[in-house]
Structures are given as C-alpha cells and as structure tokens.
Amino acid sequence: MRKIFTYAIGALAMAATFNSCTVATPDADQEGVWVKKPWFLGHGGVDETPASTGLSYGAFSSEVIYFTITPVRYDEQFDDIFSNDNTPLDFNTYINIQIEPGKSPILLKNYGENWYIHNIQVYYRNKTREYVSMYSPFDLISNREVLNKIDAQLIADMRNYVASLSKEKEFPIVIKSVTTGAARPNKDQLTEMNRTASYIQAKRSEEQKTIAEKARAESERQRAIADKAYMAEMNLSADQYIQLKAWEIIEKKNGANIDVLFDGSANKMWNVRR
C-alpha cells in the first residue's frame with residue numbers, strides 16, 4: 001500500500017511538472033524570444049518566431065528573453081580623450097540603434113543577448129577616439145560644424161561595420177543616429193584655461209588702457225597745436241589768450257559760481273570758493 005502511494009505521489013508530481021508552463025508577456029515596444037531548454041526529450045534552442053504583445057505560453061523549462069524593438073539610445077562617456085595637440089578632454093556621445101522588428105530571434109541566435117557590449121561598443125568607442133584626435137580643443141568644445149562632421153563619419157563607419165558583420169551572420173539592427181556632445185576640459189585643464197584666460201584679459205585691459213592714454217595725449221597735443229595756431233593768427237600773447245579763455249568760461253557760466261578770479265593777467269589768480 002505504501003509503495004502504491006509513493007508511486008501516486010511521484011506521478012502527480014510529474015504531471016504537475018509537465019502541465020506547468022512559462023508565460024511570455026512582452027510590452028508594446030518589445031518582442032520576447034523563446035529559448036527552449038527541454039529536461040528530457042527534444043531539442044533546445046531559439047524559437048524563430050518571436051512573441052509579440054499579449055500572452056504566450058511555453059514549457060516550464062523554457063526561458064523568455066525580451067528585446068526592445070524601438071530605437072534605443074546607448075550612452076558612452078569618455079574621460080581624458082586626447083585632441084590633436086594632446087589636450088585631455090571629457091565628453092559624452094551616444095548612438096541610437098533599433099532592432100529590426102520580427103528578427104529578435106535571429107539577433108539572439110547570432111550575437112547573443114549582450115550583442116551591444118560584445119559587438120558594437122568597443123568598435124564605436126575606438127572610432128570615436130580616432131576622429132576626436134584629429135581636431136583641436138577649441139573645435140571640439142565650441143565648433144558644432146566639426147562635431148556634426150564627426151557624427152557623419154561615425155554613422156557611416158558604424159553602418160558599414162554592421163553590414164560587414166552581416167555578411168558572415170545576419171546582424172538585424174539599424175544604426176539610426178550618432179550624436180557627439182561638446183567636449184569639456186577636465187578639472188586640471190579647466191583651471192589652467194581659466195588662468196590663461198585671466199592673463200589674456202588682464203593683458204588686453206592693459207593694452208586698452210595704454211591706447212586710451214596715448215589717444216588722450218595725442219588729443220591734448222593737437223589741442224595745444226590748435227591753440228598756438230589761433231594765438232599766432234590773432235597775434236595774441238600768452239596772457240591775452242589766457243584772459244580770452246577765462247572770459248569764455250565766465251560767459252558760459254552766465255557770470256555765476258565763478259571758481260577763479262584773476263587780475264586781468266595770468267600772474268595773479270584767486271580761488272573764490274576757498
């Protein structure tokens with residue numbers, strides 16, 4: 001009796017096992033790929049028909065791997081990447097890639113679940129370094145035309161690279177876009193650039209001050225020449241010319257608030273305010 005009971009329990013356990021199942025529930029932007037892993041009989045491997053939106057069922061021993069089939073952005077950060085003059089710069093870049101709908105099983109079978117890390121990332125980073133090293137820090141920091149040129153070169157290279165891999169094994173992805181962000185000096189480089197900028201600004205200020213002083217001196221010289229020419233033309237002595245200028249000042253002030261009183265010559269003057 002005990003032996004029969006043991007067999008019954010075993011049969012029930014096996015029935016429960018074989019009647020159990022795995023459920024695939026991909027989101028609207030996903031495909032699920034069934035990976036069959038039979039325990040006893042049959043062949044395992046990737047099911048070539050992807051599971052789309054909704055519920056689908058597989059054997060208990062099967063696994064479902066989900067792939068996003070809308071464009072996905074992969075960000076890459078670079079620290080101390082060198083420009084054409086060996087200036088270390090930091091910046092981010094990203095690449096948008098889309099898996100071809102309906103072909104996620106092919107992608108999994110040919111390149112695995114971590115296809116980006118194993119087949120795209122290293123090549124993309126190396127090509128980015130290659131193009132960045134061709135340009136100056138100024139262009140990489142502030143020249144959008146240069147960055148657009150790098151983007152165009154990178155996207156062409158990445159598409160050609162994917163096409164070359166597909167000749168061996170189909171690689172069902174589409175490179176949608178590449179965007180290189182403006183570079184940023186690292187901390188030490190930024191400190192040095194700020195110091196240089198301060199020095200350049202101080203030098204420019206000093207140069208502008210010198211130019212202003214020279215201009216003022218030249219203006220005074222030209223005015224003196226004009227005054228001397230006027231004195232010669234009117235046959236005035238220095239005292240007479242000073243008196244004339246003084247009366248012009250008084251006339252402009254309408255005779256009020258006179259700061260200086262003089263005796264008709266340039267010899268004696270009094271500060272009335274004092």
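Which residues does Ile173 touch, not counting residues up to four places away in sequence? Ile173 touches Ile97, Gln98, Ile99, Glu100, Leu107, Trp115, Ile120 and Val162, where contact means heavy atoms within 4.5 Å.

## The model and its overall make-up

This is a predicted model, in which local features need pLDDT of at least 70 and side-chain atom pairs count only at pLDDT 80 or more, while totals for chains, interfaces and linings use all residues. Residues are numbered from 1 along each chain as its sequence is written, and side-chain values use heavy atoms, with hydrogens and water left out.

The protein chain has seven helices and 11 strands; helices (H or I, at least four residues) and strands (E, at least two) are DSSP runs, numbered from the N terminus. Of the 274 residues in the protein chain, 28% are buried, a word that stands for under 20% relative accessible area, with exposed for over 50% and partly exposed in between (1.4 Å probe, protein chains only). Among contacts between residues at least 6 apart in sequence, 66% join residues at least 24 apart.

## The largest nonpolar core

In soluble globular proteins, nonpolar side chains tend to be buried together. Here the largest nonpolar core has 36 residues, and those with the most contacts inside it are Ile95, Ile97, Trp115, Ile120, Ile173 and Ile175; such a core is a set of buried Ala, Val, Leu, Ile, Met, Phe, Trp, Tyr and Cys residues joined through side-chain atoms within 4.5 Å. Elements that each supply at least two residues of this core include strand E7 (88-99), helix H3 (115-132), helix H5 (144-168) and strand E8 (173-180). H5 gives the most to this core, with eight residues.

The 25 residues of H5 should span 36 Å at 1.5 Å a residue, and its end C-alpha atoms are 37 Å apart, which agrees; the expected span is 1.5 Å times one less than the number of residues. Among the buried residues of H5 are Val146, Leu147, Ile150 and Asp151, and what covers the buried residues of this helix includes E7, H3, helix H4 (137-142) and E8.

The axes of H3 and H5 come within 10 Å and cross at roughly 145°, the axes being lines fitted to C-alpha atoms, for helices over the stretch in contact, with angles that run from 0 to 180 degrees between N-to-C directions. Residues of H3 including Asn119, Ile120 and Tyr123 meet residues of H5 including Tyr161, Val162 and Leu165. The C-alpha atoms of Leu165 and Asn119, 46 residues apart along the chain, are separated by 9.1 Å. Leaving aside its neighbours within four places in sequence, Leu165 is in contact with Tyr111, Asn119 and Phe171.

## Helix H2 and positive phi values

Six of the eight residues of H2 are buried, so this helix is largely enclosed by the rest of the structure. The buried residues in H2 are Ser104, Pro105, Leu107, Leu108, Asn110 and Tyr111, and just after H2, Gly112 takes a positive phi of about 85°.

Most residues other than glycine have a negative phi. Asp80, in strand E6, has a positive phi near 55°, and Asp80 is partly exposed, with a relative accessible area of 40%. Asn86, in the loop between E6 and E7, has a positive phi of about 65° although it is not a glycine, and Asn86 is exposed, with a relative accessible area of 58%.
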